[in-house]
Amino acid sequence: MRRNLLLVVCCVVPLMTMSQEHIDTVTGKTHRLTGVEVVASSETGKVTTTSPVQTIGTEQMLRLGIQNITDALKNIGGITIRDYGGAGGMKTVSVRGIGARHTAIAYDGIVLSDCQTGEIDLSRYSLDYVRLLSLTIGDGDNIFQPARNMAAAATLNIEVLQTPEEGAERNGDSQLPRNGAGRLSLGSWGMVSPAFHGGIRINKNTTVSATGTYTYAENDYPFTLRNNNTSTRERRKNSRMSSGHSEVNATWKDNNGNTLRGKVYYYDSNRQLPGIVHYYTNENDETLRERNLFAQAKYDTRLSDQWKLTASTKFNWAESRYHNGMPTAGIADSRYIQNETYGTATAMYEPTVNWALSYSADYIYNKLHNTAASLSGPDRHSILQALSVRYKLPRLTVIVRTLLSDYTDHGFGKKDKKNTNRLSPSFNASYRLLPNHDLYIRIMWKNIFRMPTFNELYYYHIGTTDLKPESNNQWNIGITWKSKTFNGWQATVTADGYVNDVKDKLVAIPFNMFVWRMMNLAKVKGRGIDLTTHIQRTLNGRHSIELTGNYSFQKIENRSNETSPYYKNQIAYIPEHTFCATVGWLNPWVNMSVSANGMSERWTVNEHADGTRLAGFAEMSFNVWRSFTPHLGSLGATHITLRGSIINILDKQYDIIAHYPMPGRSWRITAEISF
């Protein structure tokens with residue numbers, strides 16, 4: 001019976017795929033039928049892509065013991081995380097040493113923005129009910145996307161659960177008309193984090209879901225403060241955080257392929273900012289209140305067999321209130337308000353199964369207002385247009401893109417007007433070396449630039465209007481392989497080598513957590529290698545072993561002046577070596593995983609002066625989890641997952657940013673029920 005069922009599935013699936021396209025024997029025309037959405041394996045996807053793509057889904061997060069976004073990012077190769085002291089500190093990511101401002105963060109496909117700093121603080125985003133986390137270096141294979149998504153060197157995309165079907169599939173039952181889930185996490189140093197997700201199908205075309213999370217933590221963890229031969233045991237101060245977010249998603253679909261999605265998102269955070277720790281100095285009185293509200297809508301339709309259209313709009317409002325109870329160097333309280341209006345439309349034409357052409361046009365208006373300033377804040381009008389062509393054969397994929405960017409800035413009081421126009425081309429290709437094996441070679445080249453942020457241009461005593469945009473050329477060549485399943489074994493390996501040339505590089509050195517000292521370097525050259533591997537061994541139907549690992553080597557050098565003593569110095573805060581490895585054991589009793597991650601030494605300044613070296617480190621974590629499905633009365637069949645983690649088992653003390661000690665050994669437990 002099992003053989004017969006497998007035979008039926010193997011026959012039906014190809015027929016379903018072939019049925020998407022029908023050739024009329026009378027007219028000779030090709031008719032493309034309305035397709036179904038197919039979710040492919042992420043391991044297969046990252047092998048076939050023309051540029052490096054790494055993904056982590058909910059199931060893999062569970063198997064790897066990932067409970068927050070920082071842990072998830074450690075499992076992605078090529079990323080350098082900047083963490084300002086644990087849960088209460090800001091977290092940003094830099095891809096291949098280019099800088100966090102070159103990394104776009106997309107939330108359900110639409111890029112988030114911060115026109116003031118140009119960086120998105122990832123500590124505000126929880127992994128609760130995140131469906132997929134993916135990093136794309138370059139432009140990726142998707143040409144049916146907004147031009148803004150192509151205007152960065154790399155894009156980190158966060159996709160959340162939206163429809164009841166997604167939540168039901170996550171719970172193992174795709175037939176549920178509605179679903180709900182609740183989660184509670186407890187951890188060291190007063191951490192409490194409840195979360196919920198619920199969705200309901202209103203009718204056959206319309207679904208609505210809601211998500212909410214809240215996190216509170218004291219974060220007063222202990223650490224050792226050393227000064228020559230003297231050391232004292234201290235506790236972190238001014239690290240309390242209280243933050244939460246809620247969002248409502250609505251989806252409407254009809255039988256003609258039209259889809260309308262809407263989202264309303266609100267975030268509120270009130271936290272103390274942990275300050276720099278020096279000997280005899282561990283006091284700080286900085287606080288930051290952040291609020292963010294945005295609403296976005298996206299419409300997708302197929303106009304004909306060959307034409308597809310998508311359009312999106314978004315309004316974003318953000319406020320930050322900074323308070324310094326111990327002001328120094330003229331840094332006083334401040335309040336900033338950001339407003340953004342965004343609209344985009346993309347059309348794609350597919351004349352044949354081999355060719356696809358897309359055009360996208362975006363308009364963005366940003367305005368920053370400082371309530372303490374007497375003049376009206378700066379604003380920026382941005383028009384982005386992208387033209388993409390994709391040619392695909394069974395073994396070859398080639399993608400060519402061109403991005404045209406037009407920026408118009410007005411400074412304080414609109415006295416200064418600056419126009420910037422750039423044309424940014426890119427090229428991607430992949431080729432399957434062997435017809436019957438998943439062995440690919442890929443190449444990528446992308447020219448892109450980054451406009452200076454409002455802080456870099458206009459911030460008092462920090463910014464300057466003379467700054468030039470950073471220009472970056474990215475080259476990548478890689479080889480990818482996914483084995484066939486043999487005797488329970490399966491492996492996926494990717495290896496990418498890259499070169500980055502950055503002109504007019506802007507390097508940010510933190511003065512404190514809210515302001516930066518900007519430096520402009522004429523030229524920075526980056527070279528490196530990213531390696532990823534995923535090996536799985538199925539022992540029998542109830543046991544399996546899984547190994548996931550990544551390693552990155554990055555040499556990011558100052559090439560500004562050959563006569564300078566600092567020529568070819570590694571750029572500040574960029575390690576040459578980073579790694580992460582996780583081994584998991586799935587079994588009928590308690591699933592387990594052990595992970596280790598670390599990085600080599602770094603320097604806090606580009607000059608590599610004495611006393612500015614940060615030592616390398618490595619830390620380990622241990623995770624256990626168990627899921628079961630009891631029947632709880634009126635709730636029916638439910639799904640319960642219990643998780644526990646011990647982070648930094650060896651109690652290793654280290655800094656990612658100088659004088660911001662990271663937490664030592666800690667614990668976290670999570671209970672989740674879904675129905």
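**Charged pairs**

A: Arginine 124 counts as buried, because its relative accessibility is 16%. Buried means under 20% relative accessible area, exposed means over 50%, and partly exposed lies in between (1.4 Å probe, protein chains only). The model is predicted, so local features need pLDDT of at least 70 and side-chain atom pairs count only at pLDDT 80 or more, while totals for chains, interfaces and linings use all residues. Numbering runs from 1 along each chain as its sequence is written, and side-chain values use heavy atoms, without hydrogens and water.

Start with the partner of arginine 124. The arginine forms a salt bridge with glutamate 290, and the closest N and O atoms are 3.3 Å apart. Arginine 124 sits in the loop between S7 and strand S8 (130–137), and glutamate 290 sits in strand S17 (residues 286–302), so this pair ties together parts 166 residues apart in sequence. Here a salt bridge is a side-chain nitrogen of Lys or Arg within 4 Å of a carboxyl oxygen of Asp or Glu. Strands (E, at least two residues) and helices (H or I, at least four) are DSSP runs, numbered from the N terminus. Glutamate 290 has 12% relative accessibility, so glutamate 290 is buried. Arginine 124, as noted, is buried too.

Next, take aspartate 108. Aspartate 108 pairs with lysine 263 in a salt bridge, with the closest N and O atoms 2.7 Å apart. Distant parts of the chain are linked again: aspartate 108 lies in the loop between S6 and strand S7 (110–111), lysine 263 lies in strand S16 (residues 259–273), and 155 residues separate them. Aspartate 108 is buried because its relative accessible area is 15%. Lysine 263 has a value of 4%, so lysine 263 is buried as well.

Lysine 74 and glutamate 619 meet through their side chains in a salt bridge of 3.0 Å, N to O. Lysine 74 belongs to helix H4 (residues 69–74) and glutamate 619 to strand S33, and the two are 545 residues apart.

Serine 621 is buried because its relative accessible area is 11%. What does serine 621 touch? Leaving out residues up to four places away in sequence, its contacts (heavy atoms within 4.5 Å) are Ser593, Val594, Ser595, Ile646, Ile647, Asn648 and Ile649.

Step back to the whole set. Side chains of opposite charge can pair when their charged atoms come close. How many salt bridges does the model hold? The count comes to 32. Some join up: Arg101, Glu119, Arg450, Glu456 and Glu470 are linked in a network of salt bridges.

Isoleucine 443 lies in strand S24. Isoleucine 443 counts as partly exposed because its relative accessibility is 36%.
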